[in-house]
Amino acid sequence: MDFNMKKLASDAGIFFTRAVQFTEEKFGQAEKTELDAHFENLLARADSTKNWTEKILRQTEVLLQPNPSARVEEFLYEKLDRKVPSRVTNGELLAQYMAEAASELGPTTPYGKTLIKVAEAEKRLGAAERDFIHTASINFLTPLRNFLEGDWKTISKERRLLQNRRLDLDACKARLKKAKAAEAKATCEGDTVPDFQETRPRNYILSASASALWNDEVDKAEQELRVAQTEFDRQAEVTRLLLEGISSTHVNHLRCLHEFVESQTTYYAQCYRHMLDLQKQLGSSQGAIFPGTFVGTTEPASPPLSSSSPTTAAATMPVGPSVAGLAPPGEAALRLEEVSPPASGTRKARVLYDYEAADSSELALLADELITVYSLPGMDPDWLIGERGNKKGKVPVTYLELLS
């Protein structure tokens with residue numbers, strides 16, 4: 001291999017000079033060229049942008065993928081320029097287990113049917129999560145990562161080059177200062193006319209020669225200083241332009257942040273809709289599972305429910321479309337007024353949500369109010385008779401929490 005020894009020696013000399021200058025600055029033995037306040041502010045803002053971008057990027061990755069092992073695997077695939085394999089979300093995995101359980105335990109049983117419905121909802125949730133992760137990665141993570149791996153690397157490279165130019169400039173200043181001091185000393189010694197009876201003429205000749213040599217050294221140092229100052233100024237201008245570009249980076253990151261919030265809003269809205277649909281499906285199917293029963297028994301000999309294990313009617317008896325077995329629709333209001341509560345089996349209930357009566361046979365409800373409820377033989381299990389003072393009417397059980 002052909003080495004350029006002159007270039008190698010020159011590079012080694014420059015590196016050594018910079019190391020000496022840097023060390024002397026640290027120990028306060030050399031002067032340092034300071035940058036102006038505006039430039040220092042640009043540097044501080046760039047460093048702050050880089051540090052917070054890294055933290056936001058890492059924490060967003062944790063939000064999208066909480067599993068650290070999966071994040072490491074995805075990182076390795078990216079570094080190897082390979083496509084990250086498709087990964088099943090937790091919701092989709094839960095849906096798979098529920099579907100398999102329903103198949104084995106009996107898809108026609110009440111438990112199996114419910115498992116299938118919940119599995120379908122969890123599968124939709126998992127698909128929504130997958131879309132959210134994909135969208136957030138493209139619209140938010142990718143721009144942040146591009147800044148750190150692209151623009152910031154360029155800024156860091158130019159800053160290191162500016163630091164080297166400054167060290168070269170300060171080294172030239174120190175060299176010129178030493179050369180001028182030596183020249184002044186040699187000039188003073190050369191201006192003294194020697195006494196030929198006491199000193200040798202040779203000393204005077206050597207002193208004059210040294211003065212001329214130091215004069216040449218000063219000229220050389222001044223020329224190197226001018227070159228170093230020019231290179232430093234040019235590099236400072238390049239670095240300043242890059243640092244001022246951080247403002248454009250902030251604008252871009254602001255746009256990406258708005259897109260991230262929009263995708264997150266869409267994701268949670270989809271999750272809400274899926275769970276609301278599931279809740280309606282489960283509510284409409286529980287009338288056949290728990291026909292005509294309260295949570296617990298209403299027999300007089302039964303012990304009271306423990307206060308440490310509250311139960312809600314919403315979890316046991318959902319809403320139904322109509323009351324059956326009381327009377328034809330036209331006679332419902334009259335018959336309800338004539339109905340007397342049973343001697344036993346009445347209970348207190350707290351209203352969970354506001355309910356507007358559909359007709360005169362129903363009782364309007366306000367959230368958090370307490371009413372007395374009871375059931376009648378042959379009555380639709382999805383409805384109860386509710387009393388509030390002198391008012392009486394049908395109420396849907398899913399709007400109630402049975403207390404005692």
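Start with Phe-75, which counts as partly exposed because its relative accessibility is 46%. The scale is this: buried is under 20% relative accessible area, exposed is over 50%, and partly exposed lies in between, with a 1.4 Å probe and protein chains only as cover.

Before moving on, note that this is a predicted model, in which local features need pLDDT of at least 70 and side-chain atom pairs count only at pLDDT 80 or more, while totals for chains, interfaces and linings use all residues. Residues are numbered from 1 along each chain as its sequence is written, and side-chain values use heavy atoms, with hydrogens and water left out.

**Stop 1**

Select helix α3, residues 68-79, where Phe-75 sits. Helices (H or I, at least four residues) and strands (E, at least two) are DSSP runs, numbered from the N terminus.

**Stop 1: the whole chain**

Zoom out and colour by secondary structure. How many helices and strands does the chain have? Eight helices and five strands. Along the sequence the pattern reads α-α-α-α-α-α-α-α-β-β-β-β-β. The chain has 404 residues, and 32% of them count as buried.

**Stop 2: the largest nonpolar core**

Select Phe-132, Phe-140 and Leu-243. In the largest nonpolar core, which has 34 residues, these touch the most other members. Such a core is a set of buried Ala, Val, Leu, Ile, Met, Phe, Trp, Tyr and Cys residues joined through side-chain atoms within 4.5 Å. Show α2 (37-64), α5 (110-191), α6 (201-244) and α7 (246-285) next: these elements each give two or more residues to this core. Which of them gives the largest share? Helix α5 does, with 16 residues. In soluble globular proteins, nonpolar side chains tend to be buried together.

**Stop 3: a link between α2 and α5**

Stay on α5 and pick Arg-145. Its side chain meets that of Glu-61 in a salt bridge, 2.8 Å from N to O. The pair links distant parts of the chain, with Arg-145 in helix α5 and Glu-61 in helix α2, 84 residues apart. A salt bridge is a side-chain nitrogen of Lys or Arg within 4 Å of a carboxyl oxygen of Asp or Glu. Is Arg-145 buried or exposed? It counts as buried, because its relative accessibility is 18%. The structure holds 15 salt bridges.

**Stop 4: the sheet**

Now select the strands. They form an open sheet of five, in the order β4-β3-β2-β1-β5, with antiparallel pairing. At the edges are β4 (391-396) and β5 (400-402); each has a single partner strand, so one side of each has no neighbour in the sheet. From one strand to the next, the twist averages 40 degrees. That angle runs from 0 to 180 degrees between N-to-C directions, with axes as lines fitted to C-alpha atoms, for helices over the stretch in contact.

Focus on β1 (residues 347-351) and β2 (residues 370-374), which pair antiparallel over four bridges. Two strands count as paired if DSSP finds at least two bridges between them. Lys-348 stands opposite Thr-372 in β2, and Ala-349 has Ile-371 in β2 as its bridge partner. β2 is mostly covered, with four of its five residues buried.

Step across to β3 (residues 383-388), which pairs antiparallel with β2 over three bridges. Here Thr-372 stands opposite Glu-387 in β3.

**Stop 6**

Pick Arg-350 and Glu-401. They form a salt bridge, with the closest N and O atoms 2.6 Å apart. This pair links distant parts of the chain: Arg-350 is in strand β1 and Glu-401 in strand β5, 51 residues apart. Arg-350 is partly exposed at 27% relative accessible area, whereas Glu-401 is buried at 13%.

End on Glu-369 and Arg-388, whose side chains meet in a salt bridge (2.8 Å, N to O). Glu-369 is in the loop between β1 and β2, Arg-388 is in strand β3, and they are 19 residues apart. Glu-369 is buried, at 16% relative accessible area; Arg-388 is partly exposed, at 24%.
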